[in-house]
Amino acid sequence: MNKDISDCTVWDNSSIFESLEDPKINKIIEESIKDLEAISEKASKFENVLNDLEATQEHAVRNAQELLCERHRIYIELSTIMTYCHCVTSVDAKNEEAKKIVSSVAPLFSNLMKMMTPLDLYIKRIDEETLSKVLNHEIIKNMDFKFSHMRKMNDFMLSSGEEKIIQGLSRDGLHNWGKLYSTIAANLEVVVAGEKMGLAMASSILRQADRKKREASWRAIKSAWELHEESVCSILNSLNGWRIEENSSRSKHKKLHYLDKSCHQSHITRKTLNSLMESTFENRTIGHRALIGMAKANNVELLGPWDILSPAPIQEGKGKLYGFKEAIDLISEAFSTLSPAMGEFAQMMYKNNWIDARETDFRSPGAYCTKFAKQREPRVFMTYDGSMGNVITLAHELGHAYHNWVMRDMHIIKTHYAMTTAETASIFGETLVRDYLYKNSKNKNDQFEIAWQDAESAAAMLCNVPARFEFERQLVEQRKKRALSVSEMKSTMNNAWTLWYGKNLSEMDDMMWASKLHFSISGLGFYNYPYLFGYLFSLGIYAQKDLHGNNFNDLYLKILRDTGSMNAVDLIDKHFGKSIEEKEFWQGSLDIVNKSVTRFEKLLN
Ligand SMILES: [Zn+2]
């Protein structure tokens, strides 16, 4: 790198715990163990309450309130420890002390959830009148949306005993498969042109200018995953086999479709998902045009999968590189175009050392935003290399962080948004930065770089993300019959890519089922369409910016603050009077994507 990026910040989490040896950690764990013992008896009494909901009402309502508060309190304490440890292992995957703490806290979480199963069933089964009595409490009242959302899945509930068994078994069953994947990924050794490196570093080469090196790195990552293909194949078969079995057990009264479950988790309707995917499929040629333009700019006939994350091929190979503080200043100025407070927020994240961006050994790949539940402070993790793509990633994560920040005065229960709306603020942050860069760039090269970013996003969202969705859908369908072999995983991925990319790449990435971590997240399936949803949803909101002028910032904040209290359908109906169940809404956003790809094509000529 010819730009000095040594000004990258390293996060300072000492306000949370001094270190992993901080006696506070042990104290919280020990107290939680005692608290769990103390509430266990009260919680188990709900087994009996369930047998006679009417007779025991008054007493049960009070007990439910007490237990819900306790669970909430313990959850906040323990999850703060978990987040702290996760921060440590992101920077150093080999940190044994952090892993030890995680493995002692994880069972407490699991016990807490398991012991509260009868209480959750109680909340699901009581009538509306009793529910409103339970909600008549200073803290519990904040759980109203959460409860009503939960009660929508009542038809798929099992008995208290069965639910408890699933909870208990999933810790070392379902979730350990996801953990195994993370362990393999964190320890993966990639050899690029004779040089050994971790996955994070090899992945970062895919975002660099040298096309030959990118291809070498992509092939090396692929080979590294091929060494573990049987393991990852088992992981995917096990995760999906587990889910299919669980869904079928839950389908006694009514069939539980895996996409219904996913849509419920995403706070959207199946109709919304269908409209989203159909509109995108009808418009996938916009993504193809972006790929064709990107190939043209590279002077090649077709792009390879190693090109889809590449920086703009600027003449003489001199894409502008941004120092870390320079990137923060730029993002801050771009955020300020919406509101000064948002601009100041980006500077605050930098000044407080709430971003960890400096390269380390055994570092996790990717970027994420997290928050400490107790202190309500956000943190951003990424590996910064100075490219414009990286500046956009930083803007993305800071967008997430801002979303958390504007909700920090609300009760934390009211801030739990679904993964679909989770990507709203992040992509909004990206869009602000791209727009700002385009308007303020002084030369053609800079403008081209932004247009390139737009094209790359269009191709990623209109081809890559839907291909992942299609792969997972086909995986589940096939897994219903039997476990898939490695070669079936590959052909399924190949088919999904061909469906969405058409003939616009020189080859397909048939190992993506292994290299994309999202397929191996144990807690949720289909973590792919939320990105597409967030991208188009956010563009749809961005499109309202000029229409609402000075009132827009207020409206935007209201939307962000409502993300934890309503589903996405109601959210847009309430604030914009539009229906996201109709293709028309999505077409509006896709038209914006079309415009930006057309702008890219014009610059190419
Ligand atoms: Zn995100």
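Helix α19 (residues 419-440) packs on helix α23 (residues 529-542) at an angle of about 55°, with the axes 7 Å apart. The two helices are therefore oblique to each other, a class left over once angles under 35 degrees count as roughly parallel, over 145 as roughly antiparallel and 65 to 115 as roughly perpendicular. This is a predicted model: local features need pLDDT of at least 70, side-chain atom pairs count only at pLDDT 80 or more, and totals for chains, interfaces and linings use all residues. Residues are numbered from 1 along each chain as its sequence is written.

**α19 and α23**
- α19 passes α23 in a right-handed crossing.
- On the α19 side, the contact is made by M419, T420, E423, T424, S426, I427, F428 and T431; contact needs C-beta atoms, placed from the backbone, within 7 Å.
- The α23 side includes P530, Y531, F533, Y535, F537 and Y542.
- The contact residues divide into eleven nonpolar, six polar and one charged.

**α3 and α4**
- α3 and α4 pack at about 155°, axes 10 Å apart.
- That makes α3 roughly antiparallel to α4.
- The crossing of α3 past α4 is left-handed.
- Among the contact residues are R71, I74, Y75 and L78 of α3, and K99, I101, V102 and V105 of α4.
- By class, this contact has 14 nonpolar, one polar and two charged residues.

**α5**
- Helix α5 (residues 117-125) has these buried residues: T117, P118, L119, L121, Y122 and I123. Buried means 20 or more other C-beta atoms within 10 Å of the residue's own.
- They pack against α1 (23-44), α2 (46-51), α3 (57-91), α4 (96-115), α7 (144-151) and α8 (160-172).

**Three-stranded sheet**
- The open sheet runs in the order β3-β5-β4, with mixed pairing. Strands pair if DSSP finds at least two bridges between them.
- β3 (355-356) and β4 (368-372) are the edge strands, each pairing on one side only.
- Two bridges join β3 to β5 (residues 377-381), and these strands run parallel.
- I355 has V380 as its bridge partner in β5.
- α3 lies across β3, β4 and β5, at about 145° to β4.

**Hairpin**
- Strands β1 (residues 189-192) and β2 (residues 195-198) run antiparallel, joined by four bridges.
- V191 has K196 as its bridge partner in β2.
- Two residues lie between the strands, and A193 takes a positive phi near 45°.

Technical notes. A residue is buried if 20 or more other C-beta atoms lie within 10 Å of its own, exposed if 12 or fewer, and partly exposed in between; C-beta atoms are placed from the backbone. Two residues are in contact if their C-beta atoms, placed from the backbone, lie within 7 Å. Axes are lines fitted to C-alpha atoms, for helices over the stretch in contact, and angles run from 0 to 180 degrees between N-to-C directions. A crossing is left-handed if the near helix is turned anticlockwise from the far one by less than a right angle, and right-handed if clockwise. Ala, Val, Leu, Ile, Met, Phe, Trp, Tyr, Cys and Pro count as nonpolar, Asp, Glu, Lys and Arg as charged, and the others, Gly among them, as polar.
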